Each structure stands twice: as structure tokens, then as C-alpha cells.
Amino acid sequence: MTHPAQPKASHFINGAYVEDTAGTPIPVIYAATGEQIATVYAATPAIVEQALSTAKEAQKAWAKMTGTERGRILRRAADIMRERNHDLSVLETYDTGKPLQETLVADATSGADALEYFGGLAASLTGEHIPLGEDWVYTKREALGLCVGIGAWNYPTQIACWKGAPALACGNSMVFKPSETTPLCALKVAEILIEAGAPAGVFNVVQGMGEVGGALVTDPRVDKVSLTGSVPTGKKVYAAAAAGMKHVTMELGGKSPLIIFDDADIDNAVGGAINGNFYSSGQVCSNGTRVFVQKGIKEKFLARLAERTGNAIIGDPMDEATSFGPMVTENQMNIVLGYIEKGKEEGARLICGGNRADKDGYFIEPTVFADVTDDMTIAREEIFGPVMSVLDFDTEEEVVARANDTEFGLSAGVFTKDFTRAHRVIGNLEAGSCFINSYNDAPVEAPFGGVKASGVGRENSKEAIKHFSQVKSVYVRMGDVEAAF
Ligand code: NDP
């Protein structure tokens, strides 16, 4: 019997599912059991061509609709996503392995927020009038044209919506390529947009590995590329986009600092560290994986952290009581286990976890290392798994310098009751998305993105509009034209 997660076909182009079994088969593995639940096929050059030409054509009429009309469609899509939240969450769990307890509140709901928010903004995208005596200039905010979205595997529904919603609100069309690891959810987003009234061809999904992404990024018809992925992929895609002078948004990796001063509320700080390291089994780009704890509260913090981490319910992600799921793939599990071994070898003190969990599927215990030093591999490289490094510090000046000593700059957090210090420290940290007495909140109203190697551009909020549109300025002369001859 076909598994319920098996999509009707691999791609969604011009308003309908499309199949081409000549492409490389991509097995979809359920991370909690290791069983194959679906198969899709990588896009062939013919499929890529179909998606790009359709999206190019559909964009013209879409951009000519009023913002109110475009917005209404996006808001309708948001309503449909919310109505189907349960089914979409189950699919997200099959796609990623993340527990239903999370997917019910963080995926389709976050996608719906983006559709609703950008749907609401679509009608307000106006230019300005600049008086120049008798003459004047007016500006228009115009679509960029055809946009390509490329997603990572940790939030397949959310990433498709965070890219698709602002792109479409501005009058662009999109061809979206999910990660080959999680190809299922973006197809549902495409289906729902059509059901909500989006014209065929405005949002298309094609499957494939990096080479399909590469073909999309280098096509001369493409005006913008928005990637969520790792820093090495980001560098390649940015360079390829630059060769065609295309706009880019790069949402890349991180090794973010979470700084806990000794006046912090310990339970809130432990909660922030848990959210910032173990949600989605640590597969979150903005995670605060370098937890700097001031020496005075270090042992108290570690004891409470170990106690609360012991309460994680590791198991069947479809059971709503489960609070901790598997790694997305066997490969990712092995990468993370490799980092855990490195941590042990390099002399970090293992506080809890540190092993593969004794289950089918790709489960790793939530792991905490203490006495981590700045030069250890686990403190320098993005692990993208449930491995928290606790480092200790004495002074504010010292911790800010150490926190900034990294190529990354996605997020940063600080826990303290001293608000003057909180704002001063955040002001001195090199990061794009920051938190005070909290960690990893990502509401659609707030800009999201990194500095340094962690990215270019911002997603969400009004900032995303700037990255999916451009300004045309028009000089209007009321009198005669003066010329030298
Ligand atoms: P990858 O960088 O491996 O892949 C990202 C996407 O790019 C995938 O769809 C991939 O295809 C595609 N791709 C790979 N090579 C190319 C290429 N040459 N041209 C075009 N596309 C290409 O990232 P992961 O999927 O492994 O995701 C994990 C990474 O994503 C982490 O580093 C994490 O920090 C980052 N991330 C960043 C977020 C942010 O907002 N800042 C959010 C979530 C994750 P395929 O995999 O199918 O081959």
C-alpha cells in the first residue's frame, strides 16, 4: 500500500502535479524508523525548463493584479493552512522526523503567519512623491521578476512560506527547490496557494539535489535567489548569482553565543539554553550553541540543566507527548556523533547525553559538554545537532570579545536582570537576530537574518519586502527642456 506521505507526483508546475521518472530517484526516509515512506524524482532539464518558463510567463499577469487582490489570495492560503494544520504537521513530521508536539505549533502555523502577514502588506507597497519645485519625482516599488527559493531540510514548510509569501506579495513568481532530504511539504504549500486562487505558475516546486539548484541559480531568466542553507553552499550560490548580477538573500549557518550572567534567573536561563539547543533536536540555524555562563553560577546552572534535560521524552515523534525527535538523516546523525567524539577527545566534560539513543531511527541523546574552551572543535564549528557547549567567563568585556570571535553572526542572546547591561552587551555583539532573557523566538513581524558569514539580507518583517522588490524613480518635468545645443 502506498504510504500516506507519498505525494501525487514529484513536482508542482503551472498549477498541477507533474512527474518525470527519468530523473534520479530520491528516497524519502522517515527519520524515526529508517523506513522509506515515499519516492520523488529529481527534476530533469526538461522539468527545470518547464518550471522556469511557466514562472517567467505567469509573473507578468500576477504583477499587474492589485496588491489587494494578491494579498487576499495569500491570506486565504493562510486560512487553509491553519484549517489543515494537523495533517500538514503530520506530513512535516514524516518529512523531517521532528516531533508532532513541535510541528503542530511551529511549521504550518509559522507558514500561515507569513502568508497572512505579507498578504496584509501587499496592498500597502507604494512609492513616494518627491517635489522639486515645479517638477517632481515619483517612485514605484516594483517586483524583481522571477525568484528562485532553495531550502534547507529543517523547516520545509516554513522556509517555503517565508520565501514564497513575501516574493508573491511583491508581485514576483517563484520556483522553489526544497532540500532533497525533505521534499514533501513545499508541494502542499504550492497546492494550497492554487486552491486559494493563485494563478497557475506563480509558485512552482521542483525537486533535486545541488545540481538542480545550480541550474536554477545560473539561468539568465532568474532575477533573485533566496537560499537557506550552510555557509559553504551559500558561498557557491552567492558567487553563481553574482555572475548573473542577481539579487540574493542568504540565510546561512551559525555558532551563536548565549551569555548568562550570574544575576540571571537560573530557570529562565536554563529554559533559554534548552530552547536554543535542543528544539528540533538542535537542527536550528540560530541556535545558541556556545553557552557562556559566568563563573559564579556555573555549577548551579549545570546541575539544573542536567536535571531538566533528563526530562526530555525521546521517542515516537507522532506521539504528542514526545518532546525530542531524531536527527533528520543517518548521515546527519553520524556527523553529530563525530562531533560528540571530538568533544570527548579534546577534553570537554560530558555532563549528560553523549550517545546514540537505543532506538530504531536516528536518535541522539541531548548532550551537554562543560569546561569547553574557545579553541575546541565543538565550540568553533556548526554541529547542527543536540550538542550544547558550556563555556565559563569572568567579565562582560571578556565574554563579548570571545562571543564575537567567530566567522558567524546569526544570533546572540543574553540573560541578566541588569537591563542596562543587557542592552549594552547586545549592542556590542556581532549578530543579526538577538534576544534578551529569551532565545529563538522568530515571529514573522521581526526581521530575521545574520551578519558576517551567516548571511546577506533579511527574511520576515517589512525588511523582507525590500529584498523582494526594487524601486523605480521617475523624473517628471513640467516645463521646457533646456539643452546646450
Ligand atoms: P545545504 O547548504 O547542504 O543545502 C541547502 C540547499 O541548497 C539544499 O536544497 C541543497 O540541495 C541546495 N544546494 C546545495 N548545493 C547547491 C548549489 N551548488 N547550488 C544551488 N543549490 C545548492 O544545507 P542543509 O540542507 O544541510 O541545511 C543545513 C544548513 O542550513 C545549516 O548550515 C544551517 O545553519 C542552515 N540553515 C540556515 C537557516 C537560516 O535561516 N539562517 C535556517 C535553517 C538552516 P540538496 O541538499 O537537495 O542537495
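1. Lys224 lies over the face of Phe468, 4.4 Å from the ring centre. A second case is Lys98, placed over the face of Tyr155 at 3.6 Å from the ring centre. The criterion for a charge over a ring is that NZ of Lys or CZ of Arg is within 6 Å of the ring centre and within 35 degrees of the ring normal.

2. On provenance, this is a predicted model, in which local features need pLDDT of at least 70 and side-chain atom pairs count only at pLDDT 80 or more, while totals for chains, interfaces and linings use all residues. Residues are numbered from 1 along each chain as its sequence is written, and side-chain values use heavy atoms, with hydrogens and water left out.

3. The ligand is surrounded by 28 residues, a residue being counted if one of its heavy atoms lies within 4 Å of the molecule. The closest are Glu180, Ser230, Thr233, Leu252 and Glu382. Ser230 places an N or O atom of its side chain 2.7 Å from an oxygen atom of the ligand. A backbone N or O atom of Gly151 also lies 2.7 Å from a ligand oxygen atom, and a backbone N or O atom of Leu252 is 2.6 Å from a ligand nitrogen atom. On its own the ligand has 900 Å² of accessible area, of which the protein covers 85%; such areas come from the Shrake-Rupley method with a 1.4 Å probe, and for residues only the protein chains shown count as cover.

4. Glu92 belongs to helix H3 (residues 85-96); helices (H or I, at least four residues) and strands (E, at least two) are DSSP runs numbered from the N terminus. Glu92 counts as buried because its relative accessibility is 0%, where buried means under 20% relative accessible area, exposed over 50% and partly exposed in between (1.4 Å probe, protein chains only). The side chains of Glu92 and Thr157 make a polar contact at 2.5 Å. That term denotes a pair of N or O atoms within 3.5 Å; within protein, one must be able to donate a hydrogen and the other to accept it, and residues adjacent in sequence count only if both atoms are side-chain atoms. Leaving aside residues up to four places away in sequence, Glu92 touches several residues, including Lys98, Tyr155 and Cys185, with contact meaning heavy atoms within 4.5 Å.

5. Cys185 is one of the buried residues of helix H7, among them also Leu187, Val189 and Glu191. Eight of the 11 residues of H7 (residues 185-195) are buried, so the helix is largely enclosed by the rest of the structure. Gly197 follows H7 and has a positive phi, near 110°.

6. Rings of Phe, Tyr and Trp (its six-membered ring) pair if their centres lie within 6.5 Å; planes under 30 degrees apart are stacked, over 60 edge-to-face and the rest tilted. The count by this rule is nine aromatic pairs. Tyr117 and Phe118 form an edge-to-face pair, 5.0 Å centre to centre with 90° between the planes. Tyr117 is buried at 19% relative accessibility, and Phe118 is buried at 0%. Phe435 and Tyr439 form a tilted pair at 4.8 Å and 45°; Phe435 is buried at 8%, as is Tyr439 at 4%.

7. His129, in strand E5 (residues 129-132), is exposed because its relative accessible area is 53%. Its contacts, not counting residues up to four places away in sequence, are Trp136 and Val137. The C-alpha atoms of His129 and Thr139 are separated by 6.6 Å, although these residues are 10 apart along the chain.
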